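Please go through the structure below from its overall make-up down to single residues.

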Amino acid sequence: MSYFERLEIDESVDDINMIKTAFEEKIIQLDMDDSVSYENKDIEYAKLKKAYSIISNERTREQYKQIIANTDLYIVLDVTMNDDMKILRKHYNQLIKLHHPDKYGDENACKNIQHAFDVLTNEEK
């Protein structure tokens, strides 16, 4: 039985709060089940706690990686997270002019700048 099956959640769940809620609901269900002996409850508690710990740590690491990836995008454009669209566009235009391949710039740098600008200005990404 996988950790997700033990908590009865879908593997695509990313929200830490949903994972915690599922864990708490399973604990309550186990508490209310009188057909399970105390020894078996203790074993099941340990399994649930381990499943919750592993899944939540994995999701937390994934969210942290996403934050780091977005931070790198800010570094590429030489802006901060608090800067508005006007400053983003200004820095983008300056960097594109500097690194454009037609101006003897680096094509990879130009692609990275374009990607960073696209992601930071598109709310869906």
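**From the fold to single residues**

From the N terminus on, the chain runs α-α-α-α-α. Its secondary structure comes to five helices and zero strands; helices (H or I, at least four residues) and strands (E, at least two) are DSSP runs, numbered from the N terminus. This is a predicted model, in which local features need pLDDT of at least 70 and side-chain atom pairs count only at pLDDT 80 or more, while totals for chains, interfaces and linings use all residues. Residues are numbered from 1 along each chain as its sequence is written, and side-chain values use heavy atoms, with hydrogens and water left out.

The chain has 125 residues, of which 27% count as buried. Buried means under 20% relative accessible area, exposed over 50%, and partly exposed in between (1.4 Å probe, protein chains only). The accessible surface of the chain is about 9,300 Å², and carbon and sulfur atoms hold 50% of that surface. These areas come from the Shrake-Rupley method with a 1.4 Å probe; for residues, only the protein chains shown count as cover. Of the contacts in the chain with a separation of 6 or more, 50% join residues 24 or more positions apart, where contact means heavy atoms within 4.5 Å.

The crossing of helix 4 and helix 5 is left-handed, meaning that the near helix is turned anticlockwise from the far one by less than a right angle, whereas clockwise would be right-handed.

On the helix 4 side, Met85, Leu88, Arg89, Tyr92, Leu95, Ile96 and His99 meet Ala109, Cys110, Ile113, Gln114, Phe117, Leu120 and Thr121 of helix 5. The residues of this contact divide into ten nonpolar, three polar and one charged. Ala, Val, Leu, Ile, Met, Phe, Trp, Tyr, Cys and Pro count as nonpolar, Asp, Glu, Lys and Arg as charged, and the others, Gly among them, as polar.

Helix 1 (residues 3-7) contains Arg6, which is buried with a relative accessible area of 15%. Neighbours within four places in sequence aside, Arg6 is in contact with Met1, Lys26, Glu44, Lys47, Leu48 and Ala51. Arg6 and Glu44 are 38 residues apart along the chain, with their C-alpha atoms separated by 9.6 Å.

Lys26 belongs to helix 2 (residues 16-32) and is buried, at a relative accessible area of 17%. Outside four places in sequence, Lys26 is in contact with Arg6, Leu7, Glu8 and Leu48.

Tyr3 is also found in helix 1, and is partly exposed, with a relative accessible area of 31%. With neighbours within four places in sequence left aside, Tyr3 is in contact with Lys50, Ala51, Ile54 and Ile55.

Asp78 sits in the loop between helix 3 (38-77) and helix 4. Asp78 is exposed, with a relative accessible area of 56%, and has a positive phi of about 55° although it is not a glycine. Most residues other than glycine have a negative phi.
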